[in-house]
Amino acid sequence: MPESLQPDTCWLDPDQCQVGDLACIVQTPTRLEDCPSATSILKGVPVYDCTRLRAGLDASATGMAQRRALMAEWASVWESGPGVLVLQGMFDNLDVIDAATAAFQALIDQGRKSGSGADHFAKPGANDRVWNALEKLCLSEPQLFAAYYGNGMLAMACEAWLGPAYQITSQVNCVNPGGEAQMAHRDYHLGFYTGASAARFPAHVHRLSPLLTLQGAVAQVDMPLQSGPTLYLPHSHKYLPGYLVAGHPDFQAFFDTNHVQLPLNKGDGIFFNPALMHAAGHNRSTDIRRMANLLQVSSAFGRCMESVDRVRMSQALYPVLQTMQQQGSLSDEQVNCAIAACAEGYAFPTNLDRDPPLGGLAPESQQALMKRALKDQWPGSGFNEALQTQAVKKLT
């Protein structure tokens, strides 16, 4: 076997994760000379003045060259730099921000009345969430949507990391006074697995996952430190086994001691590598409802080449697997392999209003449902009904 494919280099072992290795990485300084377009470095995070940047980004050849250079700089920050940057004044029209905040608040009020909009990742009542705020804003107020997302700086950030065919999703999060800080974590994709589950993915997937998503947030209101803006650990995205250590007491203690926290003004944007260790902060204010529009921007390439109706396939396969399993003509391992080829193994994308996580960070996948049905010997009609119910839950 080639040395590059030896098990110790292909697989990450949670038992070998050491806080000292992370500590060495995050000691890396962030230098202004590496971010020449930044206005300053604040607590290791490059800060960019969008008012100044816009002046040089016209449609001329010089302006286009500056645009490409700026995007390359941002990509370098996210990949080999501190992993996070701030775009001060990303929105130059705060009337648009205020109008969007009012629209988001109306959606929150609707969610409260209907009983939807719970934050699956916080204690009940601590936060208000608007899941799929992107679609909801577009359908309710398309003119406001156009003004809000017709933002060149936001588009440049997305394109710098993902290219021109990116896909935006958005979840509004409003952390109310007293809302507690989160545990340090990484985000989508591997960040939604437990450490043990993430360890089943080879090391090259741990390198790939952060390249598929850009995380961002728009400050819908002023966010002084007492309101609990997000905590970050610059350079921590470069710790390869970081997806394995979420919730580990030693790593959490290190994060608690070494994180940074930046105040944001209304209309500012912050963007970061999804592998960066981060956590929402504790809202210690008495009167600030800290509202952010959380942007999760995905690569266009995370899709299959063909459209496949896996609900119909699963309905056809289930009774056959049930019979063959009972007859002993397929082993449990063979059954699992057949399920993997047929059913959807990933719980996303979904409608988080109707399809919340079950006992973890993700809802039940189609594959997990089929395995559960086989184990509990459901009749075909019961499985079909559960499968259809699950499919409907994922629709907007």
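In this predicted model, H189 sits in the loop between β5 and α9. A cis peptide bond joins Y188 to H189, with omega about 10°. The peptide bond between F348 and P349 is also cis, at an omega of about -5°. P349 belongs to the loop between α13 and α14. Most peptide bonds are trans, and most residues other than glycine have a negative phi.

Positive phi values occur at K43 and at Q377. K43 is found in the loop between β1 (40-42) and β2 (45-49). Its relative accessible area is 43%, so K43 is partly exposed. Q377 lies in the loop between α14 and α15 (380-393). Relative accessibility is 61% at Q377, so this residue counts as exposed.

Aromatic contacts were examined next. The structure holds 16 aromatic pairs. One of them joins F145 and Y149, whose ring centres lie 4.8 Å apart. Y149 is buried, with a relative accessible area of 13%.

F192 and F348 form another aromatic pair. Their ring centres are 5.4 Å apart. The planes stand at 85°, and the pair is edge-to-face. F192 lies in the loop between β5 (167-175) and α9 (195-198), whereas F348 lies in the loop between α13 (332-342) and α14 (366-375). The pair therefore ties together parts that are 156 residues apart in sequence. F348 has 12% relative accessibility and counts as buried. F348 also provides one partner of the cis bond to P349.

F192 and F348 belong to one aromatic cluster, together with Y188, Y193, F201 and Y346. Y188 in this cluster is also joined to H189 by the other cis bond described above. Y193, a further member of the cluster, is placed in the loop between β5 and α9. Y193 is partly exposed, with a relative accessible area of 26%. Beyond its neighbours within four places in sequence, Y193 is in contact with A198, F201 and Y346. F201 and Y346 are cluster members as well. The C-alpha atom of Y193 is separated by 7.0 Å from that of L361. Y193 and L361 are 168 residues apart along the chain.

The loop between β5 and α9 also holds Q182. Q182 is partly exposed, at a relative accessible area of 23%. From Q182 to H282, the C-alpha to C-alpha distance is 7.8 Å. These two residues are 100 residues apart in sequence. A separate arrangement involves R186 and an aromatic ring. R186 lies over the face of Y243, at 4.7 Å from the ring centre.

Helix α2 (residues 19-26) packs with helix α11 (residues 249-258) at an angle of about 25°. Their axes are 10 Å apart. The angle is under 35 degrees, so α2 is roughly parallel to α11. The crossing of α2 and α11 is right-handed. On the α2 side, the meeting residues are V19, L22, A23 and V26. On the α11 side, they are D250, F251 and F254.

The second pair consists of helix α12 (residues 310-327) and α13. Their axes come within 10 Å and cross at roughly 170°. This angle is over 145 degrees, so α12 is roughly antiparallel to α13. From α12, R310, M313, S314, L317, L321 and Q325 take part in the contact. From α13, the partners are D332, V335, A338, I339, A341 and C342.

Definitions and conventions
Residues are numbered from 1 along each chain as its sequence is written. This is a predicted model: local features need pLDDT of at least 70, side-chain atom pairs count only at pLDDT 80 or more; totals for chains, interfaces and linings use all residues. Side-chain values use heavy atoms; hydrogens and water are left out. Rings of Phe, Tyr and Trp (its six-membered ring) pair if their centres lie within 6.5 Å; planes under 30 degrees apart count as stacked, over 60 as edge-to-face and the rest as tilted. Buried means under 20% relative accessible area, exposed over 50%, partly exposed in between (1.4 Å probe, protein chains only). Helices (H or I, at least four residues) and strands (E, at least two) are DSSP runs, numbered from the N terminus. A charge sits over a ring if NZ of Lys or CZ of Arg is within 6 Å of the ring centre and within 35 degrees of the ring normal. Axes are lines fitted to C-alpha atoms, for helices over the stretch in contact, and angles run from 0 to 180 degrees between N-to-C directions. Angles under 35 degrees count as roughly parallel, over 145 as roughly antiparallel, 65 to 115 as roughly perpendicular and the rest as oblique. A crossing is left-handed if the near helix is turned anticlockwise from the far one by less than a right angle, and right-handed if clockwise. Contact means heavy atoms within 4.5 Å.
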